[in-house]
Amino acid sequence: MTIHIGAKPEDIAETILMPGDPYRAKWAAETFLKDAKCINEVRGMLGFTGTWNGNRVTIQGSGMGMPSLSIYANELITEYNAQTLIRIGSCGAMQENVKVRDVIIAMTATTLSTPSSGIFKELNFAPCADYSLLEAAVKASRSRDVATHVGGIYSSDVFYDERPDLTDQMMRHGILGVEMEAAELYNLAARHKRRALAILTVSDHLITHESLPSDQREKTFGDMVEIALEAAFA
Ligand code: HPA
């Protein structure tokens, strides 16, 4: 047990899927895993372990934002020996050709700062995905009927952003979407030599202001979960 995860060491798999929302962890575990068992309830940040095609998988909520994700990813990596961590989350689209419900596979994650900024100091470290996972996820996405984009995303510290100038610069430089967790997941994976990837479903659009109602988010999330599972065990 750690401060934030109440599971026994053997209750957690080496492969972790991390949605921000703990209820989405529950839904994904009940929908896609066999024999899913709840392994964490501390602070309501639900986690489940089960099997997919005979492979053990843990689906653990990360909470919103990099400080929260950093707590869970750190404990999973250093205390539970997690080897592969795939964020499955939502994002806001930042390009016209990226539509609500599309999937984004994040090659890199640009930031203003992360919980690791104190280590990097003046260095602008470039957080990037594990290539083997990225390649496998792209391949998995090609065999299904979902528009998928691969490229850079923006990991922000704020949902209610007050810097439209920065948003403009990122759109100008081809950033596909904005979310709040991936960059720190990539930093931690690099530091501890683990594999990480972020796969995102577009839930809202910064240009058209279209958004996916919360009751519809679940269904469109299914493609993303399956892509993540296929990539993890490719
Ligand atoms: N901004 C930041 N994080 C997000 C968004 C957004 O528009 N949509 C989903 N996660």
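Select histidine 205 first: at 4% relative accessibility, this residue counts as buried. The cut-off for that word is a relative accessible area under 20%. The model on the screen is a predicted one, and every value in this tour is computed from it. Histidine 205 has its place in strand 9.

**The ligand and its surroundings**

Next, select the ligand. In which pocket does the ligand sit? The ligand sits in the largest pocket. To display its shell, select Ser90, Cys91, Gly92, Phe159, Val178, Glu179, Met180, Ser203, Asp204 and Leu206, which surround the ligand. Taken alone, the ligand exposes 260 Å², and the protein buries 89% of that area.

Which elements give two or more residues to the shell around the ligand? They are strand 5 (84-93), strand 8 (177-179) and strand 9 (195-205). Strand 5 gives the most, with three residues. Colour the shell by residue type as well: five of its residues are nonpolar, three are polar and two are charged.

For the first, select aspartate 204: an N or O atom in its side chain is 2.7 Å from a nitrogen atom of the ligand. For the second, select glycine 92: a polar backbone atom of this residue is 3.3 Å from a nitrogen atom of the ligand.

Phenylalanine 159 lies in the loop between strand 7 (148-155) and helix 5 (164-172). Is this residue buried or exposed? Phenylalanine 159 is exposed, with a relative accessible area of 57%; the word applies because the value is over 50%. Only the protein chains count as cover in this figure.

**Helix 6**

Move to helix 6, residues 182-192. This helix is mostly covered, as eight of its eleven residues are buried. The buried residues are Ala182, Ala183, Glu184, Leu185, Tyr186, Asn187, Leu188 and Ala189. Arginine 191 also has its place in helix 6. With a relative accessible area of 34%, arginine 191 is partly exposed. Select serine 116 together with arginine 191: the pair is 75 residues apart along the chain, yet the C-alpha atoms are separated by 10.0 Å.

Follow the chain out of helix 6 to lysine 193, whose phi is positive, near 55°.

**Two further residues with positive phi**

Select asparagine 81, in the loop between helix 2 (66-78) and strand 5. Its phi is near 65°, a positive value in a residue other than glycine. Asparagine 81 counts as partly exposed, at 38% relative accessibility.

Then select lysine 121, in the loop between helix 3 (117-120) and helix 4 (131-142). Lysine 121 is not a glycine, but its phi is positive, about 50°. At 66% relative accessibility, lysine 121 counts as exposed.

Select aspartate 102, found in the loop between strand 5 and strand 6 (103-110). Aspartate 102 counts as buried, at 8% relative accessibility. Draw a line between its C-alpha atom and that of alanine 82. These residues are 20 residues apart along the chain, and their C-alpha atoms are separated by 28 Å.

The last stop is histidine 4, in the segment before strand 1 (15-18). Histidine 4 has a relative accessible area of 15% and is buried. With which residue does the side chain of histidine 4 make a polar contact? Select glutamate 75: the contact joins the two side chains, at 2.7 Å.

Notes:
Residues are numbered from 1 along each chain as its sequence is written. This is a predicted model: local features need pLDDT of at least 70, side-chain atom pairs count only at pLDDT 80 or more; totals for chains, interfaces and linings use all residues. Side-chain values use heavy atoms; hydrogens and water are left out. A residue is near a molecule or strand if one of its heavy atoms lies within 4 Å of it. A polar contact is a pair of N or O atoms within 3.5 Å; within protein, one must be able to donate a hydrogen and the other to accept it, and residues adjacent in sequence count only if both atoms are side-chain atoms. Accessible areas come from the Shrake-Rupley method with a 1.4 Å probe; for residues, only the protein chains shown count as cover. On a 1 Å grid over the protein atoms alone, a cavity is a set of points where a 1.4 Å probe fits but cannot get out, and a pocket is an open set with protein on both sides within 12 Å along at least five of seven lines; lining residues have an atom within 4 Å of a point. A molecule sits in a cavity or pocket if more than half of its atoms lie within 2 Å of its grid points. Helices (H or I, at least four residues) and strands (E, at least two) are DSSP runs, numbered from the N terminus. Ala, Val, Leu, Ile, Met, Phe, Trp, Tyr, Cys and Pro count as nonpolar, Asp, Glu, Lys and Arg as charged, and the others, Gly among them, as polar. Buried means under 20% relative accessible area, exposed over 50%, partly exposed in between (1.4 Å probe, protein chains only).
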